[in-house]
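I opened this one to look up its pockets. Here are my notes, in the order I made them.

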Amino acid sequence: MSRSAAGRRAQGSPDGFGALLFVYGTLMFPEVVSTLIGRVPPMESAAAPGWRAARLRDRLYPGLVRRVARDDASAPGRVLVSLDRGERAVFDAFEGSAYEAAPLVLADGRPAVAYLWKDAAEATDEDWNPRAFADGHLGDYVLRCAAWRARLTDPLP
């Protein structure tokens, strides 16, 4: 779960915890967020230009990777606002070492933090499909999240 201090910081937020958290995969679903942190914070639609939520090999969840094509496409998602330090620590633990929390700029110009997938070689050429995930996997995924959360000890360092 180690994150570098730089990875936790967003522009304009010295500790990174006051920043907007851009989510683009399973954390877009209120059921998942509520299961992990016990509430659904305010969520706003957002997009991250130059990025895409890639389907990952043999995984139900996506990874945010740089878009290869030189176009104006953006990764659609949401921003979670008003997260406290403990909630961010839960998300850091949940995302684990395969992701890096790092700053990016949203389409509307606001700075945010997002979990970037570290191993781009595992990303397929397909974008992740949230509707297919919701229709085929969301219920079971929420149960898995609940089991994971029940095992989590204090995530704050």
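Predicted model: local features only at pLDDT ≥ 70, side-chain atom pairs only at ≥ 80, totals over all residues.

**Entry 1: the largest pocket**

I looked up the volume to begin with, and the largest pocket holds about 320 Å³ of space. Its lining is made up of 17 residues. Nearest the centre I found Thr 26, Tyr 61, Phe 94, Glu 95 and Tyr 141.

The largest share belongs to α5, which brings four residues.

I then sorted the lining of the largest pocket by class: 13 residues are nonpolar, two are polar and two are charged.

**Entry 2: the second largest pocket**

I moved on to the second largest pocket and read off a volume of about 190 Å³. Here 15 residues form the lining, and Ala 75, Pro 76, Gly 77, Trp 128 and Pro 130 are the closest to the centre.

Which elements give two or more residues to this lining? I noted two strands, β3 (51–56) and β5 (74–80). With five residues, β5 gives the most.

For the classes in the second largest pocket, I wrote down seven nonpolar, four polar and four charged residues.

Methods
Residues numbered from 1 in each chain as written. Heavy atoms only, no water. 1 Å grid on protein atoms, 1.4 Å probe; cavity = no way out; pocket = protein on both sides within 12 Å on 5 of 7 lines; lining within 4 Å. Points joined across faces, edges and corners; volume = space filled by probe spheres on them. Nonpolar A, V, L, I, M, F, W, Y, C, P; charged D, E, K, R; others polar.
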